[in-house]
Amino acid sequence: MSAPILWIAIPFLAGVLILFLLNEKYSAWAGGTLSAILALIALIFPIDTALLLGSISLKISPSVQFFGRSFEFSIADGPLLAIIYGVGALWFFGTQASGTANRFVSLGLMIISLLTASIAVEPFLFAALLLEIAAMLVIPLLVPIYQKPGRGVVRFLIYQTIAMPFILFSGWMLAGVEASPGDLGTTTQAGTMLGLGFAFLLAVFPLYNWIPMLMEEATPYATGFLLWALPTFTVIFALGFLDRYAWLRTTPQLASAIQFAGVFMVASGGIFASLQRHIGRMLGYATIAETGLLILIMGLRSSEIVNLTFLILIPRGLALAVWALALSIIKRKAYTLRFSEVQGLARSYPITTAALILAHLSMTGFPLLAGFPARLAIWQELAAQSLSTTVWAFVGMLGLLIAAIRTLAVFVMVEEEKKWALNESWVQMAMLGLGVIGLFILGMFPQILQPFLADLPSLFNRIGQ
Amino acid sequence: MLATIISWVAVALILATSTTILINRDWRVSLGALTVQYISVFWLVSRHLPFVMGSVKLIAGWMVVAALGMTRLGLTNLDNEEEDTFWPRGQWFRLILIFIVALVAAGATPRIEAAIPGLGFPVIAGGLLLIGAGVIHLGVTSDLLRVILGLLTMLAGFEVIYAAVESSILVTGFLAVTNLGLGIIGSYLLVAGSTPLEVEEEL
């Protein structure tokens with residue numbers, strides 16, 4: 001068995017089979033279980049290393065040839081695949097609780113397999129094409145067949161499609177820069193193309209307007225999945241560029257530009273979140289702020305870029321899953337997710353509202369929650385490099401905290417006579433409860449991530465130097 | 001010599017078809033123009049790629065046109081689709097925009113040829129015209145079918161130029177999948193909202 005077949009072809013085919021053969025009732029369990037098994041295999045069986053089980057020798061070969069190009073994983077990809085499929089399993093198990101149709105699991109599996117292929121494809125810049133195809137597969141998740149598509153989804157499609165040519169062209173130009181590093185004109189052109197491509201892909205200011213729009217018009221669970229999956233793989237793709245091309249890491253102007261874009265996203269995301277009256281849009285702005293943090297990390301002049309990135313990516317997956325699940329449960333009760341509609345929900349949906357607030361607080365970097373250790377590490381690195389950037393990033397986080405407090409105030413704003421009631425189903429309570437426990441565990445014992453994080457820097461050897 | 005003349009004819013066709021797509025409001029005419037446009041794209045792509053790989057783009061493009069056309073044909077409630085009236089969107093305005101794109105393409109073509117020798121003037125001019133027309137189309141419309149047409153036009157322009165620098169079969173395949181995907185997604189989005197919720201429940 002080869003690794004690309006195991007982690008790309010099998011989940012893709014499983015997604016297709018689930019779409020056509022399984023009904024909604026079983027698809028969540030089938031998709032979640034497959035994803036969890038793939039995560040466990042990635043964790044237990046090292047790639048390209050023979051394992052003896054009794055008299056049987058098992059070896060997962062690293063690569064496969066496809067139309068003259070190779071898809072390959074290294075031994076260091078194991079923890080990354082475990083994280084991807086582990087977090088994917090969380091999302092798939094949550095679909096039953098969120099009430100999303102079986103299309104979520106099938107399309108989700110296909111999307112994750114395509115995004116995983118984007119990590120494996122060689123030359124790595126072809127990943128832009130796979131990201132575009134994955135982005136197109138997201139659209140049926142966002143727009144049910146009975147719902148008229150809104151502007152958010154159209155803008156999302158436009159921006160993702162525009163990003164691809166920029167990345168592919170810049171990849172080709174970067175090869176020229178490598179050949180003649182002294183050519184300032186080509187270097188500038190390649191850098192500009194690359195910057196524009198990633199600005200569209202990562203929804204850098206002002207290209208993030210589709211995110212809050214989408215949070216209003218699409219189902220929160222599907223949008224949350226999109227906001228977890230695409231930026232995560234895009235960031236890994238961007239790290240690949242930083243690792244491959246030394247001048248991207250060493251040009252101070254470029255690092256400053258990346259830092260500026262990142263801090264602008266953190267600050268604007270946080271400030272806009274604090275001004276919202278729609279709890280779905282708040283999630284949108286929170287993800288914008290967090291993507292800003294990821295971009296900010298990439299602009300740091302530090303050897304800890306890879307560690308910091310993955311330290312933020314893992315809790316992000318969990319917090320977003322809990323937040324999106326809570327939102328989708330609330331959306332069944334209050335259709336628009338505006339403050340006026342969700343007022344006083346804490347007494348009728350106590351577990352959902354508590355999980356939502358805790359996930360929100362985790363993304364603000366609140367102590368004892370999953371987001372805190374990552375933010376503490378980022379503050380430490382950031383404060384040593386630029387005080388003004390630190391202050392603006394702090395402003396962004398403060399904005400998110402204000403948004404969380406406002407949401408909490410709205411949830412508990414109710415007449416004293418109203419009785420407490422548990423309106424969530426047991427599946428919803430179990431999923432939210434497990435998610436919240438996970439948030440606390442990752443916040444209080446971040447060292448449990450160490451087995452995953454220890455080998456990841458070797459994926460991007462040169463960034464750490 | 002003959003090939004160069006045909007290439008310039010292809011560029012002229014690209015200018016004519018992209019102008020038609022931009023100006024004409026009848027979706028049948030727009031899709032017809034897109035069909036012709038893909039023939040020009042095929043010719044320009046074939047300057048640098050083998051005939052078979054070029055024909056992949058032609059077939060994929062025509063399949064997209066067929067998918068969009070058949071979908072649009074089945075929809076009757078989109079004839080009075082309301083448009084944003086905030087931005088100027090008259091025919092003269094669009095003509096001026098395409099004229100600007102043509103000027104920019106004419107100005108940039110020699111410079112790009114100087115920077116990347118061997119691409120060929122018609123290939124660069126055709127690619128730039130398509131990219132420019134696609135981008136301005138995206139800028140002046142919020143109609144779903146037209147957005148998809150704009151994206152397809154822009155992608156076609158990119159493919160014309162990228163074919164000259166990358167001849168991988170995998171990339172050609174992925175780009176064909178991307179084009180087909182855009183067509184299918186476009187069809188899906190056009191149909192979405194026109195199907196009542198009850199129908200899905202029955203299924």
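Trainee: How do strands E3 and E4 of chain A pair?

Mentor: In the antiparallel sense, over 4 bridges. E3(A) covers residues 63-66, and E4(A) covers residues 69-72. Strands pair here if DSSP finds at least two bridges between them. Helices (H or I, at least four residues) and strands (E, at least two) are DSSP runs, numbered from the N terminus.

Trainee: Is this a predicted model or something else, and how are things numbered?

Mentor: This is a predicted model: local features need pLDDT of at least 70, side-chain atom pairs count only at pLDDT 80 or more, and totals for chains, interfaces and linings use all residues. Residues are numbered from 1 along each chain as its sequence is written, while chains are lettered from A and ligands numbered from 1 in the order in which they are written.

Trainee: Back to the strands. Which residue is the bridge partner of A:Ser63 in E4(A)?

Mentor: A:Glu72.

Trainee: How many bridges join E4(A) to E5(A)?

Mentor: 2 bridges, and the strands run antiparallel. A:Ser70 has A:Glu122 of E5(A) as its bridge partner.

Trainee: What kind of peptide bond joins A:Glu122 and A:Pro123?

Mentor: A cis one, with omega about 0°. A:Pro123 lies in the loop between strand E5 (121-122) and helix H5 (127-142) of chain A. The bond from A:Phe205 to A:Pro206 is also cis, with omega near 0°. A:Pro206 is in the loop between helix H7 (184-201) and helix H8 (210-217) of chain A.

Trainee: What is phi at A:Asp48?

Mentor: Near 60°, a positive value in a residue other than glycine. A:Asp48 is in the loop between helix H2 (24-44) and strand E1 (51-53) of chain A.

Trainee: And where does A:Leu368 lie?

Mentor: In the loop between helix H15 (350-364) and helix H16 (371-385) of chain A. A:Leu368 is not a glycine, yet phi is positive, about 75°.

Trainee: Is A:Leu368 buried or exposed?

Mentor: Exposed, because A:Leu368 has 12 C-beta neighbours inside 10 Å. A residue is buried if 20 or more other C-beta atoms lie within 10 Å of its own, exposed if 12 or fewer, and partly exposed in between, with C-beta atoms placed from the backbone. A:Asp48 is partly exposed, because 17 other C-beta atoms lie within 10 Å.

Trainee: New topic. At what angle do H11(A) and H12(A) pack?

Mentor: About 160°, with their axes 7 Å apart. H11(A) spans residues 252-275, and H12(A) spans residues 279-298. Axes are lines fitted to C-alpha atoms, for helices over the stretch in contact, and angles run from 0 to 180 degrees between N-to-C directions. The pair is therefore roughly antiparallel, a label for angles over 145 degrees.

Trainee: Which residues make the contact?

Mentor: On H11(A), they include A:Ile258, A:Gly262, A:Met265 and A:Gly269. On H12(A), they include A:Tyr285, A:Ala289, A:Gly292 and A:Leu296. Contact means that C-beta atoms, placed from the backbone, lie within 7 Å.

Trainee: What is the makeup by class?

Mentor: 16 nonpolar, 6 polar and no charged residues. Ala, Val, Leu, Ile, Met, Phe, Trp, Tyr, Cys and Pro count as nonpolar, Asp, Glu, Lys and Arg as charged, and the others, Gly among them, as polar.

Trainee: On to chain B. How many helices and strands?

Mentor: 8 helices and 0 strands. Of its 203 residues, 45% count as buried.

Trainee: What about B:Gly134, buried or exposed?

Mentor: Buried, because B:Gly134 has 26 other C-beta atoms within 10 Å. B:Gly134 is found in helix H5 (residues 121-140) of chain B. Not counting residues up to four places away in sequence, B:Gly134 touches B:Gly150, B:Leu151, B:Thr153, B:Met154 and B:Gly157.

Trainee: How many residues does the contact take from each chain?

Mentor: 31 from chain B and 25 from chain A. On the chain B side, H7(B) gives the largest share, 14 residues. By class, that side of chain B has 22 nonpolar, 7 polar and 2 charged residues.

Key:
Parallel < 35°, antiparallel > 145°, perpendicular 65-115°, else oblique. Contact = placed C-beta atoms within 7 Å.
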